[in-house]
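Subject: Handover of the model and notes on its strands and helices

Dear colleague,

I am passing the structure on to you with this message, and my notes follow directly below it. Please read them alongside the coordinates.

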Amino acid sequence: MEPRAVGVSKQDIREQIWDHMESQNLADFPRPVHHRIPNFKGASHAAEQLPRLQAFKTARTIKVNPDAPQKNARFFVLESNKTLLVPTPRLRTGLFNKITPPPGATKDILRKCATSQGVRNYSVPIGLDSRVLVDLVVVGSVAVSEKGWRIGKGEGYADLEYAMMVSIGAVSKETPVVTIVHDCQVVDIPEELLEEHDIAVDYILTPTRVITTGCERPQPMGITWSKISREMMEKIPVLRSLRAREQQAGKDVTLQGEHQHLREPGRQQAVPLNAGRRPPDTPGPEANSMEAARGSPAGEGAPLAADVYVGNLPRDARVSDLKRALRELGSVPLRLTWQGLQRRAFLRYPDSAAAQQAVSCLQGLRLGTDTLRVALARQQRDK
């Protein structure tokens with residue numbers, strides 16, 4: 001497909017690319033490529049251009065998306081003894097996983113580590129407090145222009161991942177961004193389709209070309225909270241933690257569809273109309289201590305506190321491990337009761353709604369290699 005203006009919307013461009021790749025048999029497994037970052041014949045060859053980039057040679061930590069066409073890129077990062085970070089699938093359990101091959105890993109093992117199964121078997125979660133610095137970002141694309149303008153598959157995860165990295169200081173405006181695509185995916189993209197949260201790319205690698213875009217379009221400055229819905233907050237727990245951080249820093253974190261907050265004169269921090277009540281998904285100052293319950297005794301008509309059971313704790317787990325995981329997921333309880341010998345813990349939340357939200361947030365949480373069992377606990381009298 002020759003570079004040219006196509007479609008009148010991002011979705012038109014996506015559909016044309018997907019249809020062309022399928023009809024011309026350019027697509028590779030998994031197929032059909034519709035609604036995916038398309039894998040393509042020649043993806044491994046295109047990725048071979050990556051280690052030749054000066055930006056790759058000088059990078060120490062590289063983030064690569066988990067899609068199939070970037071598998072060889074992930075292998076080259078590991079083979080070069082660089083730190084490989086891969087976003088967690090759909091950001092359900094955090095932001096990054098660090099791929100840690102076994103000692104003395106051969107090339108064959110490194111190639112396994114670079115697969116989706118290897119990412120699951122050889123990864124360690126990286127918390128928001130890890131102070132990670134990413135030197136190079138590799139993203140997938142459905143379409144990209146020689147000017148560096150990019151279109152993803154429409155779900156916004158790559159843009160959100162980048163915005164979250166900005167939020168935690170993992171990337172800066174100088175951090176290079178690379179995409180690996182088939183030649184047919186390089187097309188003209190009308191500038192009016194670009195939005196504030198869209199990331200741009202500096203290098204495009206195809207089976208036949210290395211394109212240096214020289215793109216001067218500014219990268220996103222962080223999370224655009226007005227684009228984040230309540231539904232996304234529920235699906236991506238780490239967003240709640242980041243929102244709490246930015247709210248405490250005085251930033252406007254009004255979500256999509258929420259009313260704009262009133263502002264106190266002389267202050268940047270947004271003051272909700274229901275000031276004095278804290279949404280259950282936003283940790284307050286009490287998040288700094290989990291051992292002691294906060295607040296005054298419940299008065300008449302106050303909601304009853306509710307507990308969440310956490311089981312299957314690893315035998316060598318420590319209470320600090322669980323605390324750190326809870327903080328990263330933005331699900332800090334009022335009190336944590338640790339019963340390490342029984343490999344369980346109980347988390348106290350202010351009411352049953354907050355406890356149920358915590359259960360949903362913590363599903364699939366892992367400490368080490370063990371997946372924890374999380375469920376509502378029977379309410380018990382305080383001793």
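The protein chain holds 11 helices and 18 strands, where helices (H or I, at least four residues) and strands (E, at least two) are DSSP runs numbered from the N terminus. This is a predicted model, in which local features need pLDDT of at least 70 and side-chain atom pairs count only at pLDDT 80 or more, while totals for chains, interfaces and linings use all residues. Residues are numbered from 1 along each chain as its sequence is written, and side-chain values use heavy atoms, with hydrogens and water left out.

Some totals for the chain come before the details. Of the 383 residues in the protein chain, 48% are buried, buried meaning under 20% relative accessible area, exposed over 50% and partly exposed in between, with a 1.4 Å probe and protein chains only. The protein chain exposes about 19,600 Å², of which carbon and sulfur atoms supply 48%; accessible areas come from the Shrake-Rupley method with a 1.4 Å probe, and for residues only the protein chains shown count as cover. Among contacts (heavy atoms within 4.5 Å) between residues at least 6 apart in sequence, 66% join residues at least 24 apart.

I turn next to strand β1 and its surroundings. Strand β1 (residues 61-64) is covered on both faces, with T61 and K63 buried on one side and I62 and V64 buried on the other. Strand β1 pairs in the parallel sense with strand β2 (residues 83-87) over 3 bridges, two strands being paired if DSSP finds at least two bridges between them. Strand β5 (residues 136-139) also runs parallel to β1 and is joined to it by 3 bridges. Residue I62 takes part in both pairings, having L84 as its bridge partner in β2 and standing opposite L136 in β5. Together, β1, helix α4 (residues 71-79) and β2 make a right-handed β-α-β unit, which is to say that, with the strands pointing away from the viewer, the path from the first strand over the helix to the second runs clockwise.

Residue Y309 has F346 as its bridge partner in β15 and A375 as its bridge partner in β18, while G311 stands opposite R344 in β15. Strand β13 is mostly covered, 5 of its 6 residues being buried.

With best regards
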